[in-house]
Amino acid sequence: MRSTAREVAFEVIFASRFTDTIDNGLKSALAKKENLSTEDLDYLDRILMTVEKHMDEFSETVDKRSVAFPESRIFPADISILFIALAEILYEEDIPDIVSINEAANIASKYSSQKSASFISGILSEIVRNKNV
């Protein structure tokens with residue numbers, strides 16, 4: 001299920017915030033534990049590669065939209081969630097933007113806080129509004 005694959009992506013990206021690298025061993029272990037389908041594994045690989053490739057772009061995008069909190073001051077869990085959603089919104093055309101925003105808010109509610117969920121939804125909604133401008 002894609003929601004589970006998103007949570008695996010979150011866990012891997014969150015861990016990478018502390019090691020500066022995507023841990024493929026962790027990714028494989030979590031994917032196996034969650035029994036991800038081939039389709040979900042493909043999604044997971046695409047998201048992780050996109051986040052790794054565009055991390056600087058995503059940081060800059062968050063900085064532009066989060067005036068009060070630069071990316072460096074946002075909780076690592078929240079940044080990880082934002083980066084997954086940005087990878088989907090900007091590079092995964094088959095996923096509706098609203099789905100990415102809602103899934104990000106759900107992950108934030110589970111792994112961070114309700115305030116974070118609102119903050120993340122607000123940042124992502126602003127990005128989507130200005131995506132094609």
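Asp-20, at 75% relative accessibility, counts as exposed, where exposed means over 50% relative accessible area, buried under 20% and partly exposed in between, for a 1.4 Å probe and protein chains only. The model is a predicted one, in which local features need pLDDT of at least 70 and side-chain atom pairs count only at pLDDT 80 or more, while totals for chains, interfaces and linings use all residues. Residues are numbered from 1 along each chain as its sequence is written, and side-chain values use heavy atoms, with hydrogens and water left out.

Asp-20 sits in the loop between H1 and H2, just after H1, and its phi is positive, at about 65 degrees. Most residues other than glycine have a negative phi. A positive phi, near 55 degrees, is also found at Asn-35, which is placed in the loop between H2 and H3 and is exposed, with a relative accessible area of 67%.

Helix H1, comprising residues 2–19, has 18 residues and spans 25 Å from its first C-alpha to its last, close to the 26 Å expected at 1.5 Å a residue, the expected span being 1.5 Å times one less than the number of residues. Helices are here DSSP runs (H or I, at least four residues), numbered from the N terminus. Among the buried residues of H1 are Ala-5, Val-8, Phe-10 and Ile-13, and what covers the buried residues of this helix includes H2, H3, H4 and H5.

The structure holds 5 aromatic pairs, defined by rings of Phe, Tyr and Trp (its six-membered ring) with centres within 6.5 Å, and classed as stacked when the planes are under 30 degrees apart, edge-to-face when over 60 and tilted otherwise. In one of these pairs, the ring centres of Phe-10 and Tyr-111 lie 4.8 Å apart with the planes at 40 degrees, so the pair is tilted. Because Phe-10 belongs to helix H1 and Tyr-111 to helix H5, this pair ties together parts that are 101 residues apart in sequence. Phe-10 is buried, with a relative accessible area of 4%, whereas Tyr-111 is partly exposed at 31%. Phe-58 and Tyr-91 form a tilted pair as well, 6.3 Å centre to centre with 45 degrees between the planes. Ring pairs also link Phe-10, Phe-14, Phe-18 and Tyr-111 into a cluster.

Helix H6 (residues 114–129) gives the most to the lining of the largest pocket, with 3 residues.

Notes:
Helices (H or I, at least four residues) and strands (E, at least two) are DSSP runs, numbered from the N terminus. Contact means heavy atoms within 4.5 Å.
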